[in-house]
Amino acid sequence: MTFVDLSNKLSFSYASGKIILVGEHAVVYGSQAIAFPLEQGLRIAIYPLKNPLKDQGPLLKAANLLETDIYFSKKDQKFGAFYDVLEYLLSVFGEQIRNLAIIIDTNILPARGLGSSASLSVALIKALYQYFNWPLSQDLLINHAEKLETIFHMRPSGIDHTVIIKNKPIAFKKIDNKLNTWDIKQGCDLTFVIASMDAHIGTKNAVNKLSYQLSKHTQTYTRIFGEIDLIAKDLELAIIDGYKVRIGELMNVAQGYLNSLGVSCESLEKLCFIARNSGALGAKLTGAGGGGSIIALSDGNAEEIKNSFLAYGYQAFISTTKVL
Ligand code: MEV
C-alpha cells in the first residue's frame with residue numbers, strides 16, 4: 001500500500017436537500033414529476049487522518065446522522081449501506097481514501113423525504129474529486145450519484161440527485177430508462193414550509209410496498225399514475241405563470257392521489273390539515289411517504305404556518321426558491 005503525502009490538504013463541498021411538488025412514486029413508473037432544491041443542505045469536509053496506518057480509514061464522522069463514527073476497518077452490520085458506499089468510493093478513488101477523514105454536517109434529517117441520501121451522495125463525490133484535484137463534469141457526477149443512490153435505494157428514479165445536482169426547479173420524466181429532464185422557470189418566488197414527523201420506513205421499502213400494491217391493482221394504479229402525470233403538466237404551467245393559488249390546489253389534488261396509492265398515513269394527513277387550516281394554499285407529503293415530511297405552500301404567511309406546526313409539536317422550517 002502506498003501512502004501519498006496529503007498533509008495540509010482540505011476540501012469542502014455542499015449539496016442541498018430537495019422537495020417533490022408532484023410525482024413521487026409515480027415517477028418510478030414513467031409519470032412526470034417536479035422537484036425543487038431546498039435552501040437547507042449538507043456539508044462535507046475532507047482532510048487527511050493523523051495516523052492513517054493505525055486508523056485504517058476512511059473515517060466517516062456524521063454527528064447528526066450516525067450514532068457513532070465509522071472506521072472502514074471496523075465493520076459493523078448496523079451501518080451496512082454506509083460500508084457499501086465506502087466500498088464504492090474505494091473502487092473509484094483507490095487505496096488513497098484510506099488516509100481520509102470525511103466529516104458530514106447536515107440539517108437534512110435522514111428518512112424524512114428531503115433527499116438526505118442524495119445530498120450525501122452528491123456532496124461526497126464533489127468533495128473527493130476536489131480533494132484529489134480530478135476534473136468532474138455534471139454527467140460524471142450524475143453517474144456516480146446514481147450508483148450511490150442505488151446502494152441506498154436499490155432502484156432510484158434519479159429525481160433526487162438530479163434536482164440536487166442541477167440546484168434549480170426541474171421537471172423529470174423517465175420512460176424505458178430514457179431520462180428527460182428540463183428546467184422550470186418560475187413566474188414568482190415560492191416559499192414552502194416543511195414539517196416533519198418520525199422517519200419513514202425507508203425509500204426502498206416504500207417503493208417495494210407500492211410495487212406489491214401495483215401488482216394487485218395494476219389497472220387502477222396505472223390510471224392513477226396517468227392522472228398524476230397530468231397534474232404535473234398543469235402544475236408546471238402554474239409554476240411558470242406564477243399562479244400560486246393554482247399550484248396550491250394542484251398540490252392538494254396530488255395529495256389525494258398519494259393517499260389513494262397508500263403512501264400517506266394518519267400523521268401526514270394531519271400535518272396537511274394543520275397547514276391548510278393555518279392558511280397554506282396547498283399541502284402534500286413529499287418523497288417516499290408513510291412518515292417523513294409534508295410541504296405547505298405559503299402566501300406571505302410562512303411564519304404563521306410554521307408556528308402552527310411547532311405548536312402541535314412537529315419540527316418545521318421554511319425554504320424559499322426565488323425567480324432566477
Ligand atoms: C423519493 O424521494 C422519491 C420516490 O419517487 C423514489 C424515487 O423516485 O426514486 C419515492
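## An enclosed strand

From strand S8, the side chains of Leu190, Phe192, Ile194 and Ser196 point one way, while those of Thr191, Val193 and Ala195 point the other way, and all of these residues are buried. In a regular strand, side chains alternate between the two faces of the sheet. The model described here is predicted.

Strand S8 covers residues 190-196, and seven of its seven residues are buried, so the strand is largely enclosed by the rest of the structure. In this model, a residue counts as buried when its relative accessible area is under 20%.

## Partners of strand S8

Strand S8 pairs with strand S11 (residues 315-321) in the antiparallel sense, over seven bridges. Within this pairing, Ile194 stands opposite Phe317 of S11.

Strand S8 also runs antiparallel to strand S10 (residues 293-297), to which five bridges join it. Here Val193 has Ala296 of S10 as its bridge partner.

## The ligand and its surroundings

The ligand has 13 residues around it, of which Lys18, His25, Pro156, Ser157 and Asp160 come nearest. Strand S1 (11-22) and helix H5 (159-166) each contribute at least two residues to the shell around the ligand. The space that the ligand takes is the largest pocket.

For Ser157, an N or O atom of the side chain is 2.6 Å from a ligand oxygen atom. A backbone N or O atom of His25 lies 2.8 Å from an oxygen atom of the ligand. For Asp160, a side-chain N or O atom is 2.9 Å from an oxygen atom of the ligand. On its own, the ligand has 300 Å² of accessible area, and the protein covers 96% of this.

How values were computed:
Residues numbered from 1 in each chain as written. Predicted model: local features only at pLDDT ≥ 70, side-chain atom pairs only at ≥ 80, totals over all residues. Heavy atoms only, no water. Buried < 20%, exposed > 50% of the residue type's maximum accessible area, 1.4 Å probe, protein only. Helix = DSSP H or I, 4+ residues; strand = E, 2+ residues; numbered from the N terminus. Pairing = 2+ DSSP bridges. Near = heavy atom within 4 Å. Polar contact = N/O pair within 3.5 Å; in protein donor to acceptor, adjacent residues only side chain to side chain. Areas by Shrake-Rupley, 256 points an atom, 1.4 Å probe, with all protein chains shown as cover. 1 Å grid on protein atoms, 1.4 Å probe; cavity = no way out; pocket = protein on both sides within 12 Å on 5 of 7 lines; lining within 4 Å. Sits in = over half its atoms within 2 Å of the grid points.
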